[in-house]
Amino acid sequence: MVSRCRMLLTRVFPFALLMLGLSLVYGYQPRADESGATEGIHEAILSQIEAFANDDRATAWSYAADGVKQRFGSPDVFVRMVALAYPAVHHATAIEFRQRVPHGSYDVQVVRLRGPDGKMWDAYYQMVNGEQGWKIAGVGLKPADPGI
């Protein structure tokens, strides 16, 4: 009896957990409003990254949330800060959208970026939705886990 229980725990249980996890990931169907939010968030992030690449400070600034604008005061100061502190965002050479996590008054969109030095980064964009659409309220960067 003990060996049968051990067999269940070592063979069947991990398989059942894997199947449950896969069903949660692949079985999830976003509501229509979630799909629209995701599209709006992706558009805002891509548009700002494109503006950085084109040195279009006014457009990059237009995707910043009000709190960011109050903190930095002008497009020039803002873009200079991003260039110095977030080179992977300022000069991204590859972009891959990962998961989006709603947090009540804001959403976090995870984006995998390749910086100008070739290193991979996970960017955690804090996104807020207002009258003028989705805006970027902040970004946190950490080196991406290289995986297997």
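These notes go through the predicted model, from its overall make-up to single residues.

1. The four strands form an open sheet in which the order is β1-β2-β3-β4 and the pairing is antiparallel. Because β1 (94-102) and β4 (133-143) stand at the edges and each has a single partner strand, one side of each is left without a neighbour in the sheet. On average, neighbouring strands of this sheet are turned by 25 degrees against each other, with direction ignored.

2. Strand β2 (residues 107-114) pairs with β1 in the antiparallel sense, and seven bridges join the two. Within this part of the model, Pro102 stands opposite Asp107 in β2.

3. Burial and surface. Of the 148 residues of the protein, 26% count as buried. The accessible surface of the protein comes to about 9700 Å², and carbon and sulfur atoms account for 57% of that surface.

4. The largest nonpolar core. In soluble globular proteins, nonpolar side chains tend to be buried together. Here the largest nonpolar core has 23 residues, of which Ile45, Phe52, Phe78, Tyr125 and Met127 touch the most other members. The elements that give two or more residues to this core are the helices α2 (32-53), α3 (57-62), α4 (66-72) and α5 (75-85), together with the strands β2, β3 (120-130) and β4. Helix α2 gives the most, with seven residues.

5. Phe78. Which residues does Phe78 touch, not counting residues up to four places away in sequence? They are Gln48, Phe52, Ala60, Trp61, Ala64, Val68 and Phe72, and one of them, Phe52, is listed beside Phe78 among the core residues that touch the most other members.

6. Gly67. Although Gly67 and Ala137 are 70 residues apart along the chain, their C-alpha atoms are separated by 6.8 Å.

Methods. Residues numbered from 1 in each chain as written. Predicted model: local features only at pLDDT ≥ 70, side-chain atom pairs only at ≥ 80, totals over all residues. Heavy atoms only, no water. Pairing = 2+ DSSP bridges. Axes fitted to C-alpha atoms, helices over the stretch in contact; angles between N-to-C directions. Buried < 20%, exposed > 50% of the residue type's maximum accessible area, 1.4 Å probe, protein only. Areas by Shrake-Rupley, 256 points an atom, 1.4 Å probe, with all protein chains shown as cover. Core = buried A, V, L, I, M, F, W, Y, C linked by side-chain atoms within 4.5 Å. Contact = heavy atoms within 4.5 Å.
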